[in-house]
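This report examines selected local features of one protein model. The sequence and structure are shown first, and the commentary follows.

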Amino acid sequence: MKGASLGFYGGVDEVTGANFLLRTGGANLVIDCGLSHGKFFDNYRPFYDTETSEESFSPEALFGYRPTSIDAVFITHAHIDHIGRLPRLVREGFSGPVYSTPATKELSRLMLIDALGIMTEEARRRGLEPLYAREDIARTMSLWQTKDYHRTWPIGDGVSARFLDAGHILGSAMVEFSRAARKIVFTGDLGNSPAPLLPETEKISGAHYLVMESVYGDRNHEDRAERRRRLAEAIADTAARKGTLLIPSFALQRTQILILEIHRIFTAGEAPSMPVYLDSPLAAAVTEIFYKYRHLFNARVRAEMAGGEKIFDYPHFVEVKTPEESYRLSRKKGPKIIMASSGMSVGGRVLAHERVLLERKKTIFLFVGYQARGTLGRLIQDGRKKLRIDGRRVRVKAEIRTLRGYSAHKDRDNLFRFVADAADTLEEVFVVMGEPESSASLAKKIRDGLSLSVRTCRRGEIVEIDF
Ligand SMILES: [Zn+2]
């Protein structure tokens, strides 16, 4: 149909801040409304560079489109770089439905409340107001409707929508829009299948347009057996030196995967058992949601949980509840594993452990996820020896290691395979949600390997489509 277009308002030339607008001619549909992690101020700036002062720019200037003109929002998954600006969109007048899978809705509520805490601290340090308040989150949740995977529902203007399992994190979905015989798919983030907890990413078919992520568009991951071997090695070394294995861990899914993987390592005798402390109230709350949605896990995990088995809980596992317990923990003697968030050391209980444990030679400090530039985690990972953490000087004597294999994203070869499987009907592929080099590299691989028309888009670009 004439007049349909795709707008790229975030998540272009960068991994985070996903925000796309499908204009069907009669309806305006937003897909994801994420926060940009790398450049904090970008979340506050007018979308188009204007002379407008920060106090007076309009809601349209903030997003690049008028929030009141949007008919519905579709959320692919609960990571903050896909949901983090949604309460602001609501605050600026969006009042239509927000759609996601049920698990994504529950996880999003937790993640938004947690993000507000971190954002409030950060904004205060920089003399800004947080992007939204607690009541904006409540209002957002009141607009939120859930749809299970594979259920097709009409959304107006002859368009229907459907969620498919992306296999990235619990509840994660690709969104497929259809009208007459035409189809467009937004991937959100695509899972690193086969994954420890989730089923494989579903295959898509019959799509004419694909808007896809490219976080690892230029790299392949470490081998799966290798990542487990190196985790077991870190545990064994910790046992030998009677120290602490400190893992700053992302609360949503990375933590649960590690809890499970460590248990499997103990059970298989690949490393000596020792107490495993989880010091993250957010991660503990996420784990409860994981139990509730156990039917979404892959066959192996479902079988393990069949008898009501609490797979994220075992004899060596301890959940740290109070701040006092947390304080005593880093001073406790004997070999142990501590997992604490936040995953990039930008806040949370991990900071107090770092202050004590980074100064000890017996500590192994293990990174299991991406550390963004500008974060404390990145400084530690890059080998900085003198740090200031919460106002206290810290001299790093701990051993720093990084495990790269636990990514929740498809790597280059698997992203390519995903597109190849859908290539017969595709007319155009839009490669977004990656650093520029990564997106460009994947775009070239798809263009060369599959002879498809591929674009990497600019921020604010609007492309007409036949939909
Ligand atoms: Zn994600």
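Where is Ser-407 found?

## Setting of Ser-407

Ser-407 is found in the loop between β19 (399–402) and α13 (412–422); helices (H or I, at least four residues) and strands (E, at least two) are DSSP runs, numbered from the N terminus. The model is predicted, so local features need pLDDT of at least 70 and side-chain atom pairs count only at pLDDT 80 or more, while totals for chains, interfaces and linings use all residues. Residues are numbered from 1 along each chain as its sequence is written, and side-chain values use heavy atoms, with hydrogens and water left out.

Ser-407 counts as buried because its relative accessibility is 10%; buried means under 20% relative accessible area, exposed over 50% and partly exposed in between (1.4 Å probe, protein chains only). A polar atom of the Ser-407 side chain lies 3.0 Å from the backbone nitrogen of His-409. When residues up to four places away in sequence are not counted, Ser-407 touches Asn-192, Tyr-216, His-221 and Arg-254, contact meaning heavy atoms within 4.5 Å.

## Zinc site

Four residues coordinate the zinc ion at 2.2 to 2.3 Å: His-77 through NE2, His-79 through ND1, His-168 through NE2 and Asp-189 through OD. Donors are N, O and S atoms within 2.8 Å of the metal (3.2 Å for Na, K and Ca); water is not among the atoms, so sites may look incomplete. The angles among the four donor atoms run from 90 to 165°, and the site is irregular. Four donors count as tetrahedral if all angles lie between 85 and 135 degrees; four count as square planar and six as octahedral if opposite donors are over 155 degrees apart and all others between 65 and 115; anything else is irregular.

Along the chain, the donors follow the spacing H-x1-H-x88-H-x20-D. His-77 lies in the loop between β4 (72–74) and α2 (80–83), and His-168 in the loop between β8 (159–165) and β9 (173–179), so the pair ties together parts that are 91 residues apart in sequence. Both His-77 and His-168 are buried.

## Helix packing

Helix α4 (residues 102–125) and helix α8 (residues 281–292) have axes that come within 10 Å and cross at roughly 175°, which makes α4 roughly antiparallel to α8. Axes are lines fitted to C-alpha atoms, for helices over the stretch in contact, and angles run from 0 to 180 degrees between N-to-C directions. Angles under 35 degrees count as roughly parallel, over 145 as roughly antiparallel, 65 to 115 as roughly perpendicular and the rest as oblique.

Helix α6 (residues 224–241) packs against helix α7 (residues 254–267) at an angle of about 75°, with the axes 10 Å apart; α6 is therefore roughly perpendicular to α7. Arg-227, Arg-228, Leu-231, Ala-232 and Ile-235 in α6 meet residues of α7 including Leu-258, Ile-262 and Phe-266.

## Backbone geometry

Ser-193 and Pro-194 are joined by a cis peptide bond with omega of about -5°, and Pro-194 is placed in the loop between β10 (182–186) and β11 (209–212). The peptide bond from Ser-341 to Ser-342 is also cis, with omega near 20°. Ser-342 lies in the loop between β15 (336–340) and α11 (350–357).

His-150, a residue other than glycine, has a positive phi near 75° and is partly exposed, with a relative accessible area of 44%. Gln-253 has a positive phi near 85° but counts as buried at 5% relative accessibility. The loop between β12 (244–248) and α7 holds Gln-253.

Terms used: Polar contact = N/O pair within 3.5 Å; in protein donor to acceptor, adjacent residues only side chain to side chain.
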